[in-house]
Amino acid sequence: MDWQGLLADFGTHWHVYLSMPLIAAAIGYVTKRAAIEMMFQPLEFVGVGVVGWQGVIPRNAHRMANVAMELMTTNLIKPKEIFARLDPKQVIAELREPIEQAVDEITRDLLARYQPNLWELMPQQAQRLILARVQAEGPRIVEKLMRDLAENIDDVLDVKDMAVRSLVRDKAMLNRLIRDTAQPEMRFIAHSGIWFGLAIGLIQVVAWALTKNPWIMPIFGGITGWLTDWLALKMIFLPRAPKRFLGLVTWQGMFQKRRMEVARDYGDLIATEIMTVANVMEAVLTGPKSDRLYAKIHREVQRAIDTQASLAKPFVVAAVGSRRYQEMKQEAARAAIERIPDTIRHIEGYATGALDIRNTIIRQIQQLTPLQYEGLLRPAFRQDEWKLIAVGAIIGFLVGELQVLVVLH
C-alpha cells in the first residue's frame, strides 16, 4: 500500500476528505428530521391520485387510535372502577339547583301545553305545591340513575369507542398524544444522526482513499440514511432493561428509561383532552350505546310522573285523555334528556377531581410490563417504519451523488 501517495493525496484534497464525515453527519441529521416529520405531516393527503404523502400517523389514525386505546382500556382504565368514585349524594348536591330549575321549566311548560286552562286557574299556592313535589322527585331520579350507571357503566359507555372517535376526528390531537409523549426520543433520533453519520463518514474517508470509486459517496450516503434511521429507532426501545455493552457502556432504551416522565405526560394528555367529563358525557349521549341510557331515563321519568299522579291518575287521564297522557310522559322524558348536557356541566369540576383519571393512568403505567409499556409508543414507529428508513436511504444516496458532482468538478 502506497502510504506516501495516500498522504500526498490527502494533503492535496484535504477539503474533500474533511467534507465526507461532515456531509455524512448532515445526511444523518436531515434524514432523521425528514423521517420524524413524515410520521406526523401533513395531516391530510397531499398529492395527485395515488402519488403523494400523508403523515404515517394521520393516515393510519383509526388503526393507531385503536391500538393505543386498546392498551388504555385493557391495562390503564377500568370504567366501572373509575365511575364508582362518583358519590351520588355529592352529585345531587352539585346539581340540585340546575335540576330544580329544569324540573320547574319542564313542569310549567307541560301543564301549560296539555292543561292550559286548569293550570292558569289554579291558585299560585297550589302551583307551588305541585312544583315542589315534582322538584323533590328530580334528585331522587338522578341519584337512582347514578347508582344504576355506576354499577352498569359498560351498558351505556364504550370508553374505547369514545377515545377512538375523538382521536380520529382530531388527527392533530392524535399527533400530540404521540409527539408530546415522545419529544426527547424525537430529539435523540435527530441528534443521533449527526454522531452516527460522523462515524460512518470516517469509514467513508478510508474507503474513498483506497478506491477513488465515485460510487463510494452515494453508497455510503444511502447506508448513512438507512443505518442511522434503523439504529436510532432500535435504541429508543431496546434493550428494555439496562444492559452493559463491551463492558464499557450501559444502555437502556430511552423510552423505557423515561417511564415516570412518560406516565405523567400521557396521563396529562388523556385526562385533559380525551377522557374529559365533557367527552365522556358526549359519548354517553351520542355513542353506540346511548339508546340504553335514553331507555333508562324514559322509564324513570315516566315512572316518576305516574308516582306523582298516584291517586289522581284516573282524574288526570280523564282530563287530558289516555293518549295525551302518554304523550305528556314521553315529552317530559324528551325534555329531560335535552337538558342533560347543560345540567351536567355543573359537576365537571367535582367529577374531574373525583374520577382522578390523570393519577390513575400514571399509577397504572408504572405497573405495566416493559413490553406492555412499549406498546404506548411503539406502534407509531412500527407502522410503515420501512418506508421512513427507505426515504432516509434515498435522501442519503441522492446527497452522495451531489457530493460526487462537487468532488469531480
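This report walks through the fold, the cores, some helix packing and a few individual residues of the structure above.

**Ground rules**

The model is predicted, so local features need pLDDT of at least 70 and side-chain atom pairs count only at pLDDT 80 or more, while totals for chains, interfaces and linings use all residues. Residues are numbered from 1 along each chain as its sequence is written, and side-chain values use heavy atoms, with hydrogens and water left out.

**The chain as a whole**

Let's start with the overall picture. The secondary structure comes to 24 helices and four strands; these are DSSP runs numbered from the N terminus, with helices being H or I of at least four residues and strands being E of at least two. The protein chain has 409 residues, and 47% of them count as buried. Here buried means under 20% relative accessible area, exposed means over 50%, and partly exposed lies in between, with a 1.4 Å probe and protein chains only.

Among contacts in the chain with a separation of 6 or more, 80% are between residues 24 or more positions apart; a contact means heavy atoms within 4.5 Å.

**Cores**

Nonpolar side chains tend to be buried together in soluble globular proteins. A nonpolar core is a set of buried Ala, Val, Leu, Ile, Met, Phe, Trp, Tyr and Cys residues joined through side-chain atoms within 4.5 Å. The largest one in this model has 80 residues, and Met69, Tyr266 and Ile270 have the most contacts inside it. Helix H4 (residues 61-76) provides the largest share of this core, eight residues. Apart from it lies another core, of twelve residues, including Leu6, Tyr17, Val205 and Ala207.

Which residues does Met69 touch, leaving aside its neighbours within four places in sequence? Its partners are Lys160, Ala163, Val164, Leu167, Leu177, Tyr266 and Ile270.

Helix H21 (residues 357-366) has Ile357, Thr360, Ile361, Ile362 and Ile365 as its buried residues. They pack against H4, helix H5 (79-83), helix H14 (259-274), helix H20 (348-355) and helix H22 (370-374).

**Two helix pairs**

Axes here are lines fitted to C-alpha atoms, for helices over the stretch in contact, and angles run from 0 to 180 degrees between N-to-C directions. Angles under 35 degrees count as roughly parallel, over 145 as roughly antiparallel, 65 to 115 as roughly perpendicular, and the rest as oblique.

The axes of helix H1 (residues 3-12) and H2 cross at roughly 85 degrees and come within 4 Å, which means H1 is roughly perpendicular to H2. On the H1 side the contact is made by Asp9, Phe10, Gly11 and Thr12, and on the H2 side by Trp14, His15 and Tyr17.

H2 also packs with H10, at an angle of about 140 degrees and with the axes 10 Å apart, so these two helices are oblique to each other. Arg33, Ile36, Glu37 and Phe40 in H2 meet Asn175, Ile178 and Arg179 in H10.

**Backbone details**

| Residues joined | Peptide bond | Omega |
|---|---|---|
| Gln41 and Pro42 | cis | about -10 degrees |
| Leu238 and Pro239 | cis | about -10 degrees |

Pro42 sits in the loop between helix H2 (14-40) and strand S1 (46-48), and Pro239 in the loop between helix H12 (216-237) and strand S3 (243-245). Asp356, in the loop between H20 and H21, is not a glycine, yet it has a positive phi of about 50 degrees. Its relative accessibility is 24%, so it counts as partly exposed.

A polar atom of the Gln54 side chain lies 2.7 Å from the backbone oxygen of Leu43. Not counting residues up to four places away in sequence, Gln54 touches Gln41, Pro42, Leu43, Glu44, Phe45, Arg59 and Lys171.

Asp180 lies in the loop between helix H10 (171-179) and helix H11 (183-211) and is partly exposed, with a relative accessible area of 35%. Its C-alpha atom is 7.5 Å from that of Asp265, 85 residues apart along the chain.

How values were computed
Polar contact = N/O pair within 3.5 Å; in protein donor to acceptor, adjacent residues only side chain to side chain.
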